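Biologist: I would like to learn how to read a model like this one. Please take me through it feature by feature.

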Amino acid sequence: MRGKLTNRVILCRASYSVEAPRSEPPSPVVVTPIPGPKSQALKQDLDQIQNTDAVQFFADYEKSYGNYICDVDGNFLLDLYTQIASIPIGYNHPRILKVLTNPANLSTFANRPALGVFPPSAFASDLKESLLSVAPPGLKQVQTMGCGACSIEHALKAAFMAFRRKQRGGKAPSKEELESSLYNTPPGNPTISALSFRNAFHGRTMGALALTHTKWSHKLDFPSPDWPIAPFPHLKYPLEEFAQENRREEDRCLAQVEELLSIYKKKGNPVACIVIEPIQCEGGDNFASPQFFQGLQDISQKNEISFLIDEVQTGAGTTGKFWVHEYFHLRDPPDLVTFAKKMLTGGFYYRDHLRPTEGYRIFNTWLGDPSKVVMLKEVLNVIRDEKLLDRTTETGKYFVDNLMAAQTKYPKLLSRARGLGAIAAVDLPDAVTRDKIIAKMRELGVHLGSCGISTLRIRPTLTLEKKHVDIFTEKFHKVLEQM
């Protein structure tokens, strides 16, 4: 079967070797339905030991390369979803493989230390050469974590601790506070809150879920604190044609944020932190203007609370700037900025006043993984050497222009085409239509994602080129014509 499958692929793309790829295929290769028979058999096997309802297909990561993911059945798909937006420079990048096989790095990959108590000797210099070299302007403190959700959890803890220090006037916690905290009761466990936004996604752990408002599958059956939820602006497109309407919508949302802060303060549950994504990704690729985020920072500063921007899904150069909030021209740095996904390691940057004043307060066993920091150093070198931020800006604009052209041609199917760099999206009339288009695109060898109610989500790597956009566009039009 393996020989027959290999022969079929070679017949489709004679110049491309399936066994040992050293470059991308010139175009997608589809030799079986997706999922194919091998994927289906592996799913059945895995299903014996865990729920596999979310599994779409099984990948062959040894053969995946660049912007193409290979599945176990020999299909090569142009990957515009990239492990839920977490592959920065493509699969099996030769410079990353070189880092992994460098003997000098073996101990970093062989041992995973408890970083909070036994960090390796090179950890400070590695952080300076990686995370701090791309820190958001004005932020000089960084804490590594394992994933995006735990980055949010611990950033919230930093905000809550700073809020309580201010309430105590700098005094040490009382004996009553220390003892009551062990039993989930005030004053040690105070009634304070964080404000989030409708359609937000900040993770699936319990604290992060209190800020997440996208799908019932994330939330059902889990207890959640009484924390305020503000509306996120719903903008009309094209933006230049609805400037006044969109400004009124953003002003309405800012007014509700201020009202909620007042309501929760009066009810004895004051807000200690405003938490927001610079682009609501899981919630439908929802954008807001720089003026909206400037207004949020004004509100947070007026109320002396923290302003946390969650860049887990948007950071690492996905839009042509390293951090999306750089587009907002904020007067001051955000108080906290979380990251993960394309950054390979999780964590958060923070302003000096949010630094913990005791050990073990922001802590877990690993606090991230130094091997991921070593990999990130080389990813950043590739981004700089290959000028990938410039490429992302140029290719991203080309992608959105192609989406808008398709929208003009198929106005009954497509609406609200939008994007910034490698973040792009377009809306369909309903979820059924969207999901049907995603399935048909996969049959043609293009892997896409979804978000929101009926949004088609595009999340390529930073190495995407115009030739890849052309492949997507040709197959997208073919599917739209069928629809």
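Biologist: Is Phe363 buried, exposed or partly exposed?

Modeller: Start with the ground rules. This is a predicted model, where local features need pLDDT of at least 70, side-chain atom pairs count only at pLDDT 80 or more, and totals for chains, interfaces and linings use all residues. Residues are numbered from 1 along each chain as its sequence is written, and side-chain values use heavy atoms, with hydrogens and water left out. Buried means under 20% relative accessible area, exposed over 50%, and partly exposed in between (1.4 Å probe, protein chains only). Phe363 has 26%, so it is partly exposed.

Biologist: Which residue forms an aromatic pair with Phe363?

Modeller: Rings of Phe, Tyr and Trp (its six-membered ring) pair if their centres lie within 6.5 Å; planes under 30 degrees apart count as stacked, over 60 as edge-to-face and the rest as tilted. The whole structure holds 15 aromatic pairs. One is Phe293 with Phe328, stacked at 4.0 Å centre to centre and 5° between the planes. Phe293 sits in helix H12 (residues 290-302), while Phe328 lies in the loop between strand S7 (306-310) and strand S8 (336-339), 35 residues apart. Helices (H or I, at least four residues) and strands (E, at least two) are DSSP runs, numbered from the N terminus. Phe293 is buried at 0% relative accessible area, and Phe328 is buried at 4%. Your residue, Phe363, pairs with Tyr360: tilted, 4.7 Å between centres, 50° between planes. Tyr360 is exposed, at 63%.

Biologist: Which residues form one aromatic cluster?

Modeller: Phe197, Phe232, Phe292, Phe293 and Phe328.

Biologist: Which core residues touch the most other members?

Modeller: A nonpolar core is a set of buried Ala, Val, Leu, Ile, Met, Phe, Trp, Tyr and Cys residues joined through side-chain atoms within 4.5 Å. In the largest, of 83 residues, they are Phe197, Phe292, Met343 and Tyr349. Helix H7 (residues 148-167) gives this core its largest share, ten residues. Another core lies apart from it, with 32 residues, including Leu428 and Val469.

Biologist: What is Met343 in contact with, beyond its neighbours within four places in sequence?

Modeller: Contact means heavy atoms within 4.5 Å. Met343 has Leu131, Val134, Ala316, Phe322, Trp323, Tyr349 and Leu376.

Biologist: How do I read a sheet?

Modeller: Strands of a sheet pair through backbone hydrogen bonds, either parallel or antiparallel. Two strands pair if DSSP finds at least two bridges between them. Here, an open sheet of three strands runs S1-S2-S12, with mixed pairing. S1 (68-70) and S12 (446-447) are the edges; each has a single partner strand, so one side of each lacks a neighbour in the sheet. S2 (residues 76-79) pairs with S12 in the parallel sense over two bridges. Asp79 has His447 in S12 as its bridge partner. Helix H16 (residues 466-482) packs on this sheet and touches S1, S2 and S12, with its direction at about 105° to that of S2. Axes are lines fitted to C-alpha atoms, for helices over the stretch in contact, and angles run from 0 to 180 degrees between N-to-C directions.

Biologist: Why is S7 largely enclosed by the rest of the structure?

Modeller: Five of its five residues are buried, so S7 is largely enclosed. Ser306, Leu308 and Asp310 point one way from S7, and Phe307 and Ile309 the other. Strand S6 (residues 271-276) pairs with S7 in the parallel sense over four bridges. Ile274 stands opposite Phe307.
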